[in-house]
Amino acid sequence: MKGANHPLECELAVIGCGLSGFSAALFAAERGISTVVVGVSGATMFASGLLDLLGTHPVETGNKWQDPWEAMEVLFKDHPDHPYARIGRETIAGSLEKVVSFLRSEGLSYLKVGNRNSEVMTPLGTSKYTYYVPQTMWHGIEALQEKKPCLIVGFKGLTDFSATQIAETMADRWPGIRGTDVVFPGSEKVVGLVSGDIMARDMEFPGNLEKLVREIRPLLENAEAVGLPAVLGMNRSHEIVEELSAELNRPVFEIPTMPLSVPGLRLNEAFTSGLSARGVRFFVPNRVTHWEEDDAGFLLSVGNKDQKQSLRAEGVILATGRFWARGLRADRDKIREPLFDLPVSQPGERENWHRKEFLDQRGHPANQAGIEVDNLFRPLNEKGDPALNNLFGCGSILAHQDWMRSKCGSGLAISTAWAAVEAFASRA
């Protein structure tokens, strides 16, 4: 490790290690740009593993779309300041395909139905539209669409997944669904809660698959498909699902779980290992504690309580997310971007941040808060000019979008990361 007087040098520093930060690092590495990622923990670990493109518009009506591209054309007209509108369909589609191809090369395969959304089960017993689905969940798409008699299997001790709740909630629209719990292989003597990530890794131990088959087989009855929580392996999930399908003679599928999710952990591991192999360097867990700008770019102070490091970069991509990831901070009087002190688009008064009803279908105005950017994804100052040379922004920190309610988080993260890297690479 170089000392503080000898900064580590790179062309591009990406601040943030969620999906937008990881995607930016991938696109930069594929262009041969030397890249360093700085962050605390990947938001991907808390993701469902689904790759949403656009599922709902407008959010105030809750209108769901099977065709996300048709929805996007309407979105462009209704909200020309939405980040998607600065990119366009072709770039959005191309950037998403590049990430999916990368994940496939890392052993994490995703599937979709043409250019349409798929309806997928949630751990709450509801359903949502998403674009790309992990291959381990694919048989669930077919089972839900065809309403096949289906057995949902949960694991005793895994408290954030209830097979009974899923079956009871979906019973009105899926009469042939039922749920039950079994003991997870190897946890027979465990008292109390069981962690999903531990289950996933234990599932790869020799003999555990056979034990699970013995637990489930007597419960099948007329079931034509079997759904389980998404804990069926960490590195061999697709193979395990296929082996279970063969042993039970029924298609087996995973169902997303609540955070901290195993599909999110799989995404995180695929990105960190794949990016490292492509020459991307990581400072994780670390934060940027100080920065300076000069003619050569940025000098960043990076560190944690145990060590400090200086990092010199020609450009910076800000992919720090919103409130949960501390990309934005809500003070008593305003919402702030704490690192570069960039202006934040927001409601004028705090009393206008939220609506009176917590579950108001229109969402809360604070959900649209974020930094303003130009068409090159450069954050703007109060005058509407680029705030800093060679600073770019991407992901959920961008203003004028409610990614969670409109079900566009993954597409937004990936496509804006592509746009930010392209702008950096083509800078004068």
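Guide: A cavity is here a set of points, on a 1 Å grid over the protein atoms alone, where a 1.4 Å probe fits but cannot get out, whereas a pocket is an open set with protein on both sides within 12 Å along at least five of seven lines; lining residues have an atom within 4 Å of a point. Grid points are joined across faces, edges and corners, and a volume is the space filled by probe spheres set on the points. The model is predicted, so local features need pLDDT of at least 70 and side-chain atom pairs count only at pLDDT 80 or more, while totals for chains, interfaces and linings use all residues. Residues are numbered from 1 along each chain as its sequence is written, and side-chain values use heavy atoms, with hydrogens and water left out.

Visitor: What volume does the second largest cavity have?

Guide: The structure holds 2 cavities of 30 Å³ or more. The largest cavity contains about 50 Å³ of space. For the second largest cavity, the volume is about 30 Å³.

Visitor: Which element gives the most residues to the lining of the second largest cavity?

Guide: This lining consists of Val120, Met121, Met137, Gly140, Ile141, Phe253, Glu254, Ile255 and Pro256. Two or more of the residues come from each of β4 (118-121), α4 (138-146) and β10, where helices (H or I, at least four residues) and strands (E, at least two) are DSSP runs numbered from the N terminus. With 3 residues, the element that gives the most is β10.

Visitor: How many charged residues are in the lining of the largest cavity?

Guide: The largest cavity is lined by Asp81, His82, Pro83, Arg86, Ile371, Glu372, Val373, Leu398, Ala399 and His400. Ala, Val, Leu, Ile, Met, Phe, Trp, Tyr, Cys and Pro count as nonpolar, Asp, Glu, Lys and Arg as charged, and the others, Gly among them, as polar. On that basis the lining has 5 nonpolar and 2 polar residues, and its charged residues number 3.

Visitor: Which residues are the closest to the centre of the second largest pocket?

Guide: The second largest pocket has a volume of about 350 Å³. Among its 23 lining residues, the closest to the centre are Val59, His79, Gln368, Gln401 and Asp402.

Visitor: Is α1 roughly parallel or roughly perpendicular to α9?

Guide: Axes are lines fitted to C-alpha atoms, for helices over the stretch in contact, and angles run from 0 to 180 degrees between N-to-C directions; angles under 35 degrees count as roughly parallel, over 145 as roughly antiparallel, 65 to 115 as roughly perpendicular and the rest as oblique. The axes of α1 (residues 19-30) and α9 (residues 262-277) come within 11 Å and cross at roughly 25°. The relation of α1 to α9 is therefore roughly parallel.

Visitor: Which residues of α9 does α1 meet?

Guide: The crossing of α1 and α9 is left-handed, a term for a near helix turned anticlockwise from the far one by less than a right angle, with right-handed for clockwise. The contact (heavy atoms within 4.5 Å) has 6 nonpolar, 3 polar and no charged residues. From α1, Leu19, Phe22, Ser23, Ala25 and Leu26 take part, and in α9 they meet Asn268, Phe271, Thr272 and Leu275.

Visitor: Is the crossing of α1 and α11 left-handed or right-handed?

Guide: The axes of α1 and α11 (residues 409-425) are 8 Å apart, and the helices pack at about 40°. That angle makes α1 oblique to α11. The contact has 9 nonpolar, 3 polar and no charged residues. As for its hand, the crossing is right-handed.

Visitor: Which residues of α11 does α3 meet?

Guide: α3 (residues 89-105) and α11 pack at about 100° with axes 9 Å apart. The two helices are thus roughly perpendicular. Thr91, Ile92, Ser95, Leu96, Lys98 and Val99 of α3 meet, in α11, Ile414, Ser415 and Trp418.

Visitor: What is omega for the cis peptide bond that joins histidine 57 and proline 58?

Guide: Most peptide bonds are trans. Proline 58 is placed in the loop between β2 (35-38) and α2 (68-78). Its cis bond with histidine 57 has an omega of about -10°.

Visitor: What is the phi of aspartate 341?

Guide: Most residues other than glycine have a negative phi. Aspartate 341 lies in the loop between β16 (335-336) and β17 (344-345). Although this residue is not a glycine, its phi is positive, at about 55°.
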